[in-house]
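Subject: The structure, and what turned up in it

Hi there,

Here is the structure I promised to pass on. Please open it alongside this note, and you can follow the notes below as you read.

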Amino acid sequence: MNQIIDIRGLHKTYHRGGERIAVLDDIDLSVKDGGYLALMGPSGSGKTTLLNMIGGLDVPTKGSVNVCGVNIAELKGRALASWRAQNIGFVFQFYNLMDVLSAQRNVELPLLLTKLSKKERQKRALTALDIVGLANRAKHKPSELSGGQLQRVAIARALVADQRILVCDEPTGDLDRASANQILELMEILNTSHNKTIIMVTHDPEAARHAHECLHLDKGRLRAEADA
């Protein structure tokens, strides 16, 4: 399999007042197309920052971030936003759904920036909801859905434009064990049956066990699971 993510010499530094804070320190990371990687580590270790780099939500201080054949560290503005919309689906811990919209309309949101017709947007949204097992809840609003169902809607939204990579930040962190297990089973199906490459940040060892590979971040340095 080809490398869909190839990161070399990645550094990320923030400045707070006169203080320099190194969040990521010389990160090298490769992920194959169709891979499923879990990132673990203590709070403040740089996990979400690395995830944001892969998703094009943040830019490195130094280094290259090649994702889907593009060094996104060199993209800016509209070019970066367009690349992100075409390649990355985002799943967050707290769903980020709009309360006033139905599940279907929430899933449609990423398609509003495309040239698709209203009918085609609706069709794609219903297909995505069907994939996550919620076609029968398309007209329900977030207040009418359980936590596990809300996360399924969020995953459907991440799938609707058929992006190649899902970046997931604590996708089971706000769920009870039973709901979390259902989401993890769904993510396995998306990985194996729909060939989605998944990068997941998690504190949950049970969630990490579902991934093909688990790496640990500690003080901005990346380590293999055996070294953790």
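The lining of the second largest cavity is made up of five nonpolar residues, one polar residue and no charged ones (nonpolar covers Ala, Val, Leu, Ile, Met, Phe, Trp, Tyr, Cys and Pro; charged covers Asp, Glu, Lys and Arg; the others, Gly among them, are polar). Those residues are Leu51, Asn52, Leu57, Phe90, Phe92 and Val167. Helix 1 and strand 6 are the elements that give two or more residues to this lining (helices are DSSP runs of H or I with at least four residues, strands are runs of E with at least two, and both are numbered from the N terminus). The space inside is about 30 Å³.

Before going further, a word on the source: this is a predicted model, in which local features need pLDDT of at least 70 and side-chain atom pairs count only at pLDDT 80 or more, while totals for chains, interfaces and linings use all residues. Residues are numbered from 1 along each chain as its sequence is written, and side-chain values use heavy atoms, with hydrogens and water left out.

**Cavities and pocket**

The search of the whole structure found two cavities of 30 Å³ or more. On a 1 Å grid over the protein atoms alone, a cavity is a set of points where a 1.4 Å probe fits but cannot get out; a pocket is an open set with protein on both sides within 12 Å along at least five of seven lines, and lining residues have an atom within 4 Å of a point. Grid points are joined across faces, edges and corners, and a volume is the space filled by probe spheres set on the points.

The largest cavity has a volume of about 40 Å³. Its lining consists of Met53, Gly56, Asp58, Val59, Pro60, Val65, Ile72, Ala73 and Leu80, which divide into seven nonpolar, one polar and one charged.

The largest pocket has a volume of about 600 Å³. It is lined by 19 residues, and the closest to its centre are Arg84, Ala85, Pro110, Leu113 and Gln163. Helix 2 (77–87), strand 6 (88–92) and helix 5 (147–159) each supply at least two lining residues, with the largest share, five residues, coming from helix 2. By class, the pocket lining has eleven nonpolar, six polar and two charged residues.

**Helix 1**

Helix 1 is largely enclosed by the rest of the structure, because six of its eight residues are buried (buried means under 20% relative accessible area, exposed over 50%, and partly exposed in between, with a 1.4 Å probe and protein chains only). The buried ones are Lys47, Thr49, Leu50, Leu51, Met53 and Ile54. After the helix comes Gly56, which has a positive phi, near 75°.

**Nonpolar cores**

The largest nonpolar core has 38 residues (a core is a set of buried Ala, Val, Leu, Ile, Met, Phe, Trp, Tyr and Cys residues joined through side-chain atoms within 4.5 Å). Val107, Leu129, Val153, Ile155, Met187 and Met200 have the most contacts inside it. Apart from this core lies another, of 30 residues, among them Ile4, Leu39, Val67 and Val201.

Leaving out residues up to four places away in sequence, Met187 touches Tyr36, Ile155, Cys168, Pro171, Ile198 and Met200 (contact means heavy atoms within 4.5 Å). Tyr36 is also touched by His210, along with Leu184 and Glu188, on the basis that residues up to four places away are not counted. His210 is found in the loop between helix 7 (205–208) and strand 9 (213–218), and is buried at a relative accessible area of 18%.

**Salt bridges**

The count comes to ten salt bridges (a side-chain nitrogen of Lys or Arg within 4 Å of a carboxyl oxygen of Asp or Glu). Here are three of them:

- Asp58 and Lys12 meet at 3.3 Å, N to O. The pair links distant parts of the chain, 46 residues apart, with Asp58 in the loop between helix 1 (47–54) and strand 4 (62–67) and Lys12 in strand 1 (residues 3–16). Lys12 is buried, at 8% relative accessibility.
- Glu108 and Arg121 meet at 3.8 Å, N to O. Glu108 lies in helix 3 and Arg121 in helix 4, so the pair ties together parts 13 residues apart in sequence. Both residues are buried.
- Arg209 and Glu206 meet at 2.7 Å, N to O. Arg209 is exposed, at 58% relative accessibility, whereas Glu206 is partly exposed, at 27%.

Best wishes
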